[in-house]
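Trainee: I've got a new model open and I'd like to learn how to read it. Can we go through it together?

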Amino acid sequence: MNRIQEIPPEKLTPEQATIFEQLTAGRGRILGPYKIWIHSPAIASGMEQLGTFLNKRASLSKREVEIGILVIAQHWQADYVRQAHIREGKAAGLSQETIDVILAGADPKLADAHERAVHRFAAALVSGAKLSDAEFAEIETAIGRAGIAEVLSLLGYYTAVSMAMKVHEVPIPPQP
């Protein structure tokens with residue numbers, strides 16, 4: 001059962017209407033998690049700013065973003081997010097084999113040093129492992145302090161997306 005409680009446009013509060021207009025202006029529609037977060041307009045607004053930054057202006061490449069999302073979606077067993085980002089990962093150029101290895105929780109042996117660092121960092125964080133100083137330094141060398149901050153924020157943001165979609169039992173859309 002899909003538990004999302006959509007608010008008809010005519011029933012939106014002024015604050016909700018403002019964020020509704022911002023969301024639809026940029027995307028043409030409101031994506032699933034924002035249908036949940038709009039009940040708290042300040043949360044929806046903050047999440048939109050963070051999500052837009054991570055997906056459009058961060059130092060991480062689209063492939064790196066998708067690698068992080070796939071790691072966190074698998075960690076939370078978030079079927080909706082996992083399926084959506086299998087599609088997005090392929091669109092970003094990740095092979096099905098690489099996606100399958102990431103979803104299996106294994107090392108995909110990525111050739112790109114930045115992608116390897118993002119995967120290594122995300123995988124360590126979701127496993128609860130403590131990075132040694134040497135491991136942290138290797139990741140910092142590859143993606144920098146901005147990259148570290150962005151991976152941490154990406155994982156937090158998509159944890160919120162994953163939980164929102166799971167708790168509201170949003171059905172997975174059919175594959176095209």
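This is a predicted model: local features need pLDDT of at least 70, side-chain atom pairs count only at pLDDT 80 or more; totals for chains, interfaces and linings use all residues.

Trainee: Is E48 buried or exposed?

Mentor: Buried means under 20% relative accessible area, exposed over 50%, and partly exposed in between, using a 1.4 Å probe and protein chains only. E48 has a relative accessible area of 15%, so E48 is buried. You'll find E48 in helix 3; helices here are DSSP runs of H or I with at least four residues, numbered from the N terminus.

Trainee: How do I describe two packed helices?

Mentor: You give the angle between their axes and the distance between the axes. The axes are lines fitted to C-alpha atoms over the stretch in contact, and angles run from 0 to 180 degrees between N-to-C directions. For helix 1 and helix 3, the axes come within 9 Å and cross at roughly 25°. Angles under 35 degrees count as roughly parallel, over 145 as roughly antiparallel, 65 to 115 as roughly perpendicular and the rest as oblique. Helix 1 and helix 3 are therefore roughly parallel.

Trainee: Which residues of helix 1 and helix 3 meet?

Mentor: E15, Q16, I19, Q22, L23 and R27 of helix 1 meet P41, A44, S45, E48 and T52 of helix 3.

Trainee: What about helix 4 and helix 6?

Mentor: Helix 4 (residues 62-75) and helix 6 (residues 96-103) have axes that come within 9 Å and cross at roughly 40°, which makes helix 4 oblique to helix 6. I67, L70, V71 and Q74 of helix 4 make the contact with I99, I102 and L103 of helix 6.

Trainee: And which residues touch the most other members of the largest nonpolar core?

Mentor: A nonpolar core is a set of buried Ala, Val, Leu, Ile, Met, Phe, Trp, Tyr and Cys residues joined through side-chain atoms within 4.5 Å. The largest one has 48 residues, and W37, V81, I143, Y157 and Y158 touch the most other members. Helix 8 gives the most to this core, with 12 residues. Beyond its neighbours within four places in sequence, Y158 is in contact with N55, I69, I72, V81 and H85.

Definitions and conventions
Residues are numbered from 1 along each chain as its sequence is written. Side-chain values use heavy atoms; hydrogens and water are left out. Helices (H or I, at least four residues) and strands (E, at least two) are DSSP runs, numbered from the N terminus. Contact means heavy atoms within 4.5 Å.
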